[in-house]
Amino acid sequence: MSFSALSSLKTSNEILTLDTVIDVVIPAVLQRLDKSKLSLSQSLPTSNNTGATTSNAHGDDDEYQRMANQVDKLSRDLVYIKDAFNRLKKFEESASHLFKALEQQCEHLDAPPLGPQDVALQKERIQNKLRLLGDIVIKLKRQIPSPHQIPSITLEGGRSYSSQFNTRQMVGKLPDLHASNEFKDSPEFKDLQVIYNSLDVTKKQCLLCFAVFPANEIVKKRILIHWWDGEGFLVNGKKTTKEVADEIFKELMDKGCIEPVGKKRRRFSDSFKMHPLVHSSVIVLAAEVGFFDFDKGSPTAKFSRSFRAALVKGSSQEIMKPDLNTEKLDPQKLDSEKLDPEKLQTIFNVNEPYPDFFKLEWFSKLRDVKVLYLGRWQNTAKHHIEVEDVEFLKGLKNMKHLRFFSLQGISRISKLPDSICMLSSLRILDLRACHNLEVLPNRIGSLRKLTYLDISQCYLLDYIPKGISMLSELQVLKGFIISDDKNGSSCTLSELLQLKKLRKLGINTSREDFPTEEELSTLQRFGMLQKLTIAWGGMSVFTQPANISGKENAIAQSSTPNALNNGGEKKKLSFSKTLTKLGTFKGVPRSDAGNQESLKELKKLDLQCYPRKEAPSWLMPDKLRSLKKLYIRGGELQNLTQNLRDQWTVETLRLKFLSELRMDWKELRKSFPSLIYLEKVKCPKLTFFPCDEGGIWVKP
């Protein structure tokens, strides 16, 4: 098969076989690169028609030589890729489109030399081609599994890593790669360095944030966005913080820096991870610019060179100790190098299980801190965090620049100090899964810049202070409680209408009849509301273990007897209170709003543990005309379509743990003609659905 015959592959959907890549494509590309190098040598400017040397000859000479060197590097990389691919078996599908792009970019690369007048044009064309080829080759190298990703690099004098630092040894020492001079000289690090240098300042800082997490650990997109927003990385007058963050995630993914995590065929990913080799490179870069202080590749609580500190199990208290190394410094440099809490801008809890060691006097000095993440970032409740005393949190009153504060997943916090209400710059307050939290400060309405409040999975909260309705900038509210407060002290749904910017609302209720006609009418009046979650009862996660997803299972795990023992008798009583409060529905007469123009602007609806067999009258296509995502998890629902002639605009549908829901595939397709993605988990009466083994169907 000749190289010219490969041109037909550009428009073909055929997946290239591994044999074709190894035996045909790569050799042909290498041949083109050889011709290109020859073409470059012939293009070197020598003299004009009179024999005189042109004025910029020497500059062009150097530039063409650099391009020739780049061709050599591309050739070496392709040889390395070819050798590695000989041991790969599952590469074909994922890499096929990249090799087609590689072949396309090689077209005309070996074009004959142009005339002297067209040298600049030829130079620009070749540079563009080489840049695109380099991007493609880097992406291909990123797809090679880690056991194959350390090349045999020839050093000066003909030495190679294989002779003194072979692949198996290198992979076995991945945690220490950042300290290896060989690694810093490797193509992997240099490739990442080139990518890093191509990023703007904001994207560089966002990339370096990954250095604080262990390699290959799954990190929620939400946490990264909050961190970046807290540090001020996402400031853009024309776009939302999410839109800016999504652009950053996309560029970092496209450049091979991070990998999306999720089900293989899911349309969007809400988590990311970083390959160990990339992670080692990022640690080196982060240490060089002082993004964090590191000790043997791990971020530390020390911050002599940085404005950020990491809380790490076993050494977190180092954050409050003077840096002994400063004793060796020149006295004039001592003030700038000592551990001064006033210079800290970010404190991030990596894996400290007891983050209450702070002394109030020291904590009160954190006047410039912007991000204070004391809670759990891991996605499971196995990483237990607790505090015995929150006295140190009184120091919050001095943190006038704090924008992001998280206590996520911390146990044994029953009440927050009033000092939290003095955070005048706070934008994001994350109290998610603080299972012992029983009351919010009444003065919470003083947080006038708050845009995001998460109090979901705080099962002991009895009521929501009315002050929440004063948070005029609030855009996201998760965990709002619909209660039967007879004293009128709890914030009502109608009072939330003062939140004119609210676009995402999560509601917990133990009332079976929610929403009544009046409440549905109130929901319709939220002009900006695009995403709505309603969770009924909440006790289904305890009383129906068969209907627990991984996400809901974390709730049950976080309330295990082991955790209760740490809290003593009072905590046991609180857990009993949770069972009593959330385990029953209130017997209020049913009142569906059958004639309402329901939620026409809503784009996403998430219903959890819906308690009735028949769908509510407002759950109809003509009353949710803008709906694109519909999630229904748990409950007794038996039917979803009340009229087969009704057609939903939904594109993404997730149905989980619905043991009574009955429908066949043809019915669903008639009702959901716009469907692109379907996820079905433990719904035994949904028949003839062409889902894969993971319960996923994607429109061809």
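User: In which sense do β2 and strand β3 pair, and over how many bridges?

Analyst: In this predicted model, strand β3 covers residues 271-273. The sense of the β2 and β3 pairing is antiparallel, and the number of bridges is three.

User: Which strands stand at the edges of the open sheet?

Analyst: Three strands form this sheet, with antiparallel pairing, in the order β1-β3-β2. Each edge strand has a single partner strand, so one side of it is left without a neighbour in the sheet. The strands at the edges are β1 (219-220) and β2 (259-261).

User: Is Cys683 buried or exposed?

Analyst: Cys683 is in no disulfide, and the nearest cysteine sulfur, that of Cys691, is 9.6 Å away. A residue counts as buried under 20% relative accessible area. The relative accessibility of Cys683 is 3%, so Cys683 counts as buried.

User: What share of the contacts in the protein chain, at a separation of 6 or more, comes from residues 24 or more positions apart?

Analyst: The protein chain has 19 helices and 23 strands. Of its 700 residues, 50% count as buried. Among contacts with a separation of 6 or more, the share from residues 24 or more positions apart is 68%.

Methods:
Residues are numbered from 1 along each chain as its sequence is written. This is a predicted model: local features need pLDDT of at least 70, side-chain atom pairs count only at pLDDT 80 or more; totals for chains, interfaces and linings use all residues. Side-chain values use heavy atoms; hydrogens and water are left out. Helices (H or I, at least four residues) and strands (E, at least two) are DSSP runs, numbered from the N terminus. Buried means under 20% relative accessible area, exposed over 50%, partly exposed in between (1.4 Å probe, protein chains only). Contact means heavy atoms within 4.5 Å. Two strands pair if DSSP finds at least two bridges between them. A disulfide is a pair of cysteine sulfur atoms within 2.5 Å.
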